[in-house]
Amino acid sequence: MTLSDDAVRVTSRVADSTVPWTSVKRVIREKSYLMLPISKREAFILPRRGFETEERFNDAWRYASKQISAGLA
């Protein structure tokens, strides 16, 4: 998963998805993951264990929050 200035991109062996930040409803921060809901039934989940450090996890949360706020302005 890649968070860029224009979209969230997910690439795997079976699928590739690109979703613009305007489609992400909000950022939900829990102890063990970040969730980026895109609909009532779909969300991107970023597990904390996927980040090298606590600082990188916090950076991802701040970055996603900033991108969503910018899309609402």
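Modeller: What follows is a close look at the aromatic pairs and at the strands and core around them. Please keep in mind that this is a predicted model.

The count of aromatic pairs comes to two. Trp 21 is buried, at a relative accessible area of 5%, whereas Tyr 63, at 24%, counts as partly exposed. The rings of Phe 51 and Phe 57 also form a pair, and since their planes stand at 85 degrees, with the centres 5.4 Å apart, this pair is edge-to-face. Here Phe 51 is partly exposed at 22% relative accessibility, and Phe 57 is buried at 0%.

Charged side chains take part as well: the charged end of Arg 48 sits over the ring of Phe 57, 3.8 Å from its centre, and Arg 29 lies over the face of Trp 61, at 4.6 Å from the ring centre.

Turning to the core, the largest nonpolar one has 13 residues, and Trp 21 and Leu 34 are among those with the most contacts inside it. The elements that give two or more residues to this core are β5, β6 and α1 (54-72), and α1 gives the most, with four. Leu 34 touches, among others, Phe 44, Leu 46, Phe 57 and Trp 61. In strand β6, Phe 44 and Leu 46 form the covered face, while Ala 43, Ile 45 and Pro 47 form the uncovered one.

Conventions:
Residues numbered from 1 in each chain as written. Predicted model: local features only at pLDDT ≥ 70, side-chain atom pairs only at ≥ 80, totals over all residues. Heavy atoms only, no water. Buried < 20%, exposed > 50% of the residue type's maximum accessible area, 1.4 Å probe, protein only. Core = buried A, V, L, I, M, F, W, Y, C linked by side-chain atoms within 4.5 Å. Contact = heavy atoms within 4.5 Å. Phe/Tyr/Trp six-rings, centres within 6.5 Å; stacked < 30°, edge-to-face > 60°. Lys NZ or Arg CZ within 6 Å of the ring centre and 35° of its normal. Lists of a residue's contacts leave out its neighbours within four places in sequence.
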